Amino acid sequence: MQPRAQTTVEDIETDIAVVGLGTMGAMSLWRIARHGGRSVVGVEQYGAAHSHGSFTGESRVFRTAYHEGTRYVPTLLRARELWHELEADSGRSLLLQVGTLTVGYAEDAAVRNVIDSVREYDLPHELLDTAQLRERYPQHAVNEDNVGVLDVFGGGMRPELSVLSALEQAERFGARVLTHEQVIDISVDGAARVTVTTNRRTIRARAVVVAQGSWAKRLSPELRRIISVQPLPLTWFMPHHLEMFTPDRFPAFIRDEGGVHFFGAPSLDGYSLKVTPRRFHDPVADVDDVPKFITPDRLSEIGRLAQSFFPDLNPEPVHSSVHHDAFTVDKVPVVDVDATGSVLTLTGFSGHGFKLAPAIGEIAEQFAFGEAMTHMADDYSIAAHVARLERGADCL
Ligand SMILES: Cc1cc2nc3c(=O)[nH]c(=O)nc-3n(C[C@H](O)[C@H](O)[C@H](O)COP(=O)(O)OP(=O)(O)OC[C@H]3O[C@@H](n4cnc5c(N)ncnc54)[C@H](O)[C@@H]3O)c2cc1C
């Protein structure tokens, strides 16, 4: 869907501009405004907490014992603190600590990463063998030799409410939020001043945070090689016995079985639960090419697989939707400061960025105030991504 056409309005001079107010942009705006002392303006092509971004779909899974590798654990622990800070600022419950249960085989790389995470960082957890899993979580069809790891810090997040809360709090701390305004160009002049041109005006800033998610390739040619737009499905199923799937009895979960990756959350709406596969479609060239729906045949297949993991589910999805995220080949995000030191690019969160978002916002805050950026890694830079591609990095 195209953003609304707009008439011209007054130009703006600001210290910091944030382009894109989805997940990372909203968190960046909140952190920068909360820090105080610099003017900050955020620009979003749609409305606040709109329905087109990577953050939509009712819930997200939070985990600290990490399938993607132990390297992310310190960032996740910091994100957890900041989620609680946003909850305190907004007075809303955003991170529901119901635990996240990983079910898989001990020899799988992802399960090994989870076990290494809890051991290396002494995370609160429970290790369950096959018999204990069956006893404790009868909702799951547990295969022979399956093991379980309950990440006690894990749980479910409310993504749309989180983005709205971050934007509201950013405004409360003095940020200016411009909605229904599309950025069409970002250029740095010789004096390291950045000009952000929108379809309505010019914004001149000392520094810019660019958080365009799946749209990142449109304005940044250097990202075209390293970012792909990946359609991602979400499906919800009705259990026959809802009482078995409420947050007090049923943690968020991740299951890997025979090359199939499923994840989901307990029932939040009082009649269904989210049980969904990771992928169903090849990457597409642009957000506009993301399919609008899941075909009936594919929905039946997803239903059959969901019921094989949770026998109590009615296999007909009660609700389904198609979303998207910007992926890199190895799911390592892009967090990059350009050569002038005035443009921070945040994208490529590869289907696992939501839980990290406030810590990424903190990186933007540190960038905006010229502080050392914690939770950065050398391989997050655009140059490092290009170098890995040239070396033929393997997909995860
Ligand atoms: C179905 C699905 C399930 C997921 N599950 C999980 C999970 O369980 N746990 C987890 O941690 N992560 C999960 N993720 C990943 C996570 O949600 C994403 O990594 C994260 O939301 C990406 O945030 P972003 O800021 O990069 O993109 P977005 O949130 O999409 O923000 C980009 C913003 O930039 C705006 N924009 C773009 N171009 C312009 C422009 N030119 N002018 C103005 N504005 C512009 C867009 O409108 C948008 O608002 C999931 C993702 C999906 C899609």
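Reader: Why is Gly 370 called exposed?
Author: This is a predicted model, by the way. Gly 370 has a relative accessibility of 68%, and the label "exposed" needs over 50%. So Gly 370 counts as exposed.

Reader: Where does Gly 370 lie?
Author: Look at the loop between helix H8 (357-368) and helix H9 (382-390); Gly 370 sits there.

Reader: What makes the pair of Phe 245 and Phe 250 edge-to-face?
Author: Two checks. Ring centres have to lie within 6.5 Å to pair at all, and these are 5.0 Å apart. Then comes the angle: planes over 60 degrees apart count as edge-to-face. The planes of Phe 245 and Phe 250 are at 70°, so edge-to-face it is.

Reader: And why is the pair of Phe 250 and Phe 253 called tilted?
Author: The distance test works again, with the centres 5.8 Å apart against the limit of 6.5 Å. The planes are at 55°, while stacked would need under 30 degrees and edge-to-face over 60. That leaves tilted for Phe 250 and Phe 253.

Reader: Which residues do ring pairs link into a cluster?
Author: Phe 245, Phe 250, Phe 253 and Phe 310. Phe 245 and Phe 250 are both buried, and Phe 253 is buried too. Searching the whole structure turns up nine aromatic pairs.

Reader: Zooming out, how many helices and strands does the protein chain have?
Author: Nine helices and 19 strands.

Reader: How do you know that the protein chain is as compact as a globular protein of that length?
Author: Set its radius of gyration, 21 Å, beside the 21 Å that the globule rule gives for 396 residues. The two are close, so the chain is as compact as a globular protein of that length. Its C-alpha trace spans about 65 × 45 × 45 Å along the principal axes.

Reader: What share of the residues is buried?
Author: Of the 396 residues, 58% are buried, and that label takes under 20% relative accessible area.

Note on methods:
Residues numbered from 1 in each chain as written. Predicted model: local features only at pLDDT ≥ 70, side-chain atom pairs only at ≥ 80, totals over all residues. Heavy atoms only, no water. Helix = DSSP H or I, 4+ residues; strand = E, 2+ residues; numbered from the N terminus. Rg over C-alpha atoms; globule rule 2.2 N^0.38 Å. Buried < 20%, exposed > 50% of the residue type's maximum accessible area, 1.4 Å probe, protein only. Phe/Tyr/Trp six-rings, centres within 6.5 Å; stacked < 30°, edge-to-face > 60°.
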